[in-house]
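Please look at the sequence and the 3D structure below before reading on.

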Amino acid sequence: MVANPSAREAQQEKSRTGTPNGPAELVEGRGMVEGNSLQDDMSRMQSRTDMPQALERVRQAATKDKGLRFTALLHHVYSIETLWDAYLALKREAAPGVDGVTWKEYGERLEENLYDLAGRLKRGAYRAKPGRRVYIPKADGKQRPLGVIALEDKLVQRATTQVLNAVYETDFLGFSYGFRPGRGQHDALDALYVGQWTKKVNWVLDADIRGFFDAIDREWLMKFVEHRIADRRIHRLIQKWLKAGVLENGEVRQTERGTVQGGSISPLLANIYLHYAFDLWAQQWREREAKGDVIVVRYADDFIVGFQHKWEAERFLSELKERFAKFKLELHPDKTRLIEFGPWAAKNRAERGEGKPETFDFLGFTHICHKTSRGRFTVLRQTIRTRLAAKLSEVKEELRRRMHEPASRTGAWLKAVVKGHFAYYGVPMNLQALYRFRSEVIRLWRWALSRRGHKGYISWEYIRRLADCFLPAVAVTHPYPLERLGVWTRGKSPVR
């Protein structure tokens, strides 16, 4: 049980009787009347229906005046309704942080916990806890450090992100797709495809920022935040999370740079940083400096820039290095490449005796210059081989662990795995990789079943019947990019 429904209804009724803050209070920073108790403040907080309206007013104000600085936003964060919604949005089975508190345990006294948390936020008594350091394997064999943060920190970060999104979603540019409401990887992938198909793109800059999340300069980050957010209480919240450190091997380690990956606020802070360090500059460069077509697609710290002319691509890359150096960022020298890619790449390289056009990887897919059966240029998107191999390796290890479970239980798990894989990688013209994944899963399942019995043999006929019973058939789950983005009906490219 989380909270008593009747108590929840009573709180909603109580908040409906209060007087919501006026529109001027959103910007001008008017505080609560001195002497009001916390309980009085709570009664004036917005209900579930009022809260979205309050943030909508913030959004409208941010849209109307791009130079407006918001001086009073924290009261939206410590609203009981905002915190409640943030709690419900957390992953129920997520690993606990250093406090050891799980989602279920916190919810057993939810209203009491939320009122206590709101009070600490209002008084400035809230303290961020260090993240618990864990490492997850990457497709290239390396490990990515993550910080598993305490549940209350997750909750407050999610609430803060919701409030700040009302401001920043009006500022972020159209070619930024990572970790934004209503946008995802396939929106970025399709935008890139459409840009390459509809624009004169002959060269592609495949860029990689070296250790981006660890390289973020906090002084610059706070300057960027202050462009829009003048509420010093929000500033202090962000600084508390940045300075909380990480717990590793029983020792809390502090860092002077970067943000801890794993919290809800980190992706937003990363987008804010790159919005000012890259997006605005790239847009101005394209509008003022470029003579030919230029497309930009960014997903978090991973971005692709396409050019019509090689000389412009080389100039952009040179100036981008200088731009990043100003903000303490660096392009990875071994992972940043300028390649010839487009409708004429194959012909031009053949004339120079250089072989097939190079490929590039973006968001799990290898992008390849290709021609349709009618001889028209297209971009072939195939599952990155290392990603496919890494996923099959994970499946093998889990099948080893589940070796003695009933086939029906293992089959249900494999069904979810294969379905999830198809849901992401099921793009047009990637069928071969999908068939390979499914057939390799079947082979690994047969291997696992053969090892658990004394006979040591499972017929292919039997495993195929199991596969037909449990595993979904290979299918394309995503439409063609032009169909999804509707460029034929809207007459606009999403790559701006």
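This is a predicted model: local features need pLDDT of at least 70, side-chain atom pairs count only at pLDDT 80 or more; totals for chains, interfaces and linings use all residues.

Residues are numbered from 1 along each chain as its sequence is written, and side-chain values use heavy atoms, with hydrogens and water left out.

**The whole chain**

The chain holds 22 helices and 11 strands, where helices (H or I, at least four residues) and strands (E, at least two) are DSSP runs numbered from the N terminus. Of its 496 residues, 50% are buried, a word that stands for under 20% relative accessible area, with exposed meaning over 50% and partly exposed in between (1.4 Å probe, protein chains only). Among contacts (heavy atoms within 4.5 Å) with a separation of 6 or more, 73% join residues 24 or more positions apart.

**Helices**

Two packed helices are described by the angle between their axes and the distance between the axes. The axes of H18 (residues 407–425) and H19 (residues 431–452) come within 11 Å and cross at roughly 160°; these axes are lines fitted to C-alpha atoms, for helices over the stretch in contact, and angles run from 0 to 180 degrees between N-to-C directions. H18 and H19 are therefore roughly antiparallel, since angles under 35 degrees count as roughly parallel, over 145 as roughly antiparallel, 65 to 115 as roughly perpendicular and the rest as oblique. Among the residues that make this contact are Leu 414 and Phe 422 of H18, together with Phe 437 and Trp 445 of H19.

Helix H6 (residues 80–89) is largely enclosed by the rest of the structure, because 7 of its 10 residues are buried, including Trp 84 and Tyr 87.

| Residue | Strand | Relative accessibility |
|---|---|---|
| Arg 381 | E11 (residues 377–383) | 3% |
| Val 294 | E6 (residues 294–299) | 10% |

Leaving aside residues up to four places away in sequence, Arg 381 touches several others, including Tyr 193, Phe 365 and Pro 481. Val 294, with its neighbours within four places likewise left aside, is in contact with Trp 285, Arg 286, Val 305, Gly 306 and Phe 307. The C-alpha atoms of Val 294 and Val 201 are separated by 7.3 Å, and these residues are 93 residues apart along the chain.
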